[in-house]
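Please look over the chain shown below.

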Amino acid sequence: MDDLQKAFAALKVRGVSTFAAEVTEVDKENGTCTVKDDDIEYYNVQLSSIIDGSKKQMFIYPVIGSSVLVSPIEEKLEWLYVEVYSEVEQVDWNIESVKFNFDKNGFLLKKENETLAKLMSDLLKEIQKMKFTTNTGSTIKLVNQPQFLSIENRFKDFLKDS
């Protein structure tokens, strides 16, 4: 490396660098956590690097007891955010009136007051109530209703309603 490259590299050196820590507490309401680095605890560590405090962003919630890499914002130890996660409990992404959330229980896709799970459930219930007119009159029973019930249960296992 020539002298000019070394000089530029020295300019980029941060006074406070990223460090590994253990998550001891998660505050989903405020989008923060508490982490411990050896014997020092750091409170109000942001779970998103967005600095405006808006809830219209993506939050990744770490598992308590898991390892994370924490970085300072503007090299301030009192203003930290989680940069990398070893284990994730939940992801919550909000864009205006749209919410996308997933965890070990499934997926939630919500727009205003409507969820994909509720839409799918309503659709399958209406399909199961369908009646058709034939040359001999109307049908009164859906012959493949057990298959629709099975599909409805699969959606319930896959999607969250709230």
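## A residue in strand 2

Is T34 buried or exposed? The model is predicted, and in it T34 has a relative accessible area of 8%. Buried means under 20%, so T34 is buried.

T34 sits in strand 2, which runs over residues 32-37. Its contacts, leaving aside neighbours within four places in sequence, are E22, V23, T24, E25, E41, Y42 and Y43.

In general, strands of a sheet pair through backbone hydrogen bonds.

## Helix 2

Helix 2 takes in residues 116-128, a run of 13 residues. At 1.5 Å a residue, the helix should span 18 Å.

Which residues of helix 2 are buried? They are A117, M120, S121, L124, I127 and Q128. Seen down the helix axis, these buried residues fall within an arc of 130°, so they line one face of helix 2. The general rule is that an α-helix has 3.6 residues a turn, so residues three or four places apart point the same way. What covers the buried residues of helix 2 includes strand 10 and helix 3 (145-158).

## The chain as a whole

The chain holds three helices and 12 strands. It has 162 residues, of which 30% count as buried. Take the contacts between residues at least 6 apart in sequence: 51% of them join residues at least 24 apart. The chain exposes about 11400 Å², and carbon and sulfur atoms supply 55% of that area.

## Confidence

How high is the average pLDDT of the chain? The average is 86, and 89% of the residues score at least 70. Among the elements, strand 1 (residues 19-27) has the highest mean pLDDT, at 97. Helix 1 (residues 3-11) has the lowest, at 66.

Methods
Residues numbered from 1 in each chain as written. Predicted model: local features only at pLDDT ≥ 70, side-chain atom pairs only at ≥ 80, totals over all residues. Heavy atoms only, no water. Helix = DSSP H or I, 4+ residues; strand = E, 2+ residues; numbered from the N terminus. Expected span 1.5 Å × (residues − 1). Buried < 20%, exposed > 50% of the residue type's maximum accessible area, 1.4 Å probe, protein only. Arc of directions from axis to C-beta. Contact = heavy atoms within 4.5 Å. Areas by Shrake-Rupley, 256 points an atom, 1.4 Å probe, with all protein chains shown as cover. pLDDT = per-residue confidence, 0-100.
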